[in-house]
Amino acid sequence: MDFRLDPSAEPAELWEPQGASYYNGELILQPQQRLTQQQKLELLDWHPMFTGKCPQCGASFDRDYTSRVHWDCKCGWMDD
Ligand SMILES: [Zn+2]
């Protein structure tokens with residue numbers, strides 16, 4: 001007997017990652033739930049989580065900014 005797992009075996013149910021669905025046997029990503037690479041790069045560019053600065057007035061956030069969940073600046077800008 002050969003007990004090795006068959007690499008070509010199909011799982012009993014189609015696995016659907018979060019944010020995607022199968023339509024007609026094809027895995028379709030739901031774009032509104034995923035940032036495109038471009039959107040990610042833009043976020044890296046301006047969001048204070050990455051820059052440490054308010055995108056509106058440029059004021060620096062506190063040094064512990066990487067652990068923040070809610071962002072609000074004294075200029076009125078906020079993201080929470
Ligand atoms: Zn600001």
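Here is a short chat about the predicted model above. Residues are numbered from 1 along each chain as its sequence is written. Since the model is predicted, local features need pLDDT of at least 70 and side-chain atom pairs count only at pLDDT 80 or more, while totals for chains, interfaces and linings use all residues.

Me: Is C57 buried or exposed?
Reply: Buried takes 20 or more other C-beta atoms within 10 Å of a residue's own, exposed takes 12 or fewer, and partly exposed is in between, with C-beta atoms placed from the backbone. C57 has 11 within 10 Å, so C57 is exposed.

Me: Which residues is C57 in contact with, leaving aside neighbours within four places in sequence?
Reply: C57 sits in the loop between helix 2 (48-51) and strand 3 (71-72). Contact means that two C-beta atoms, placed from the backbone, lie within 7 Å. With those sequence neighbours set aside, the partners of C57 are C73 and C75.

Conventions:
Helix = DSSP H or I, 4+ residues; strand = E, 2+ residues; numbered from the N terminus.
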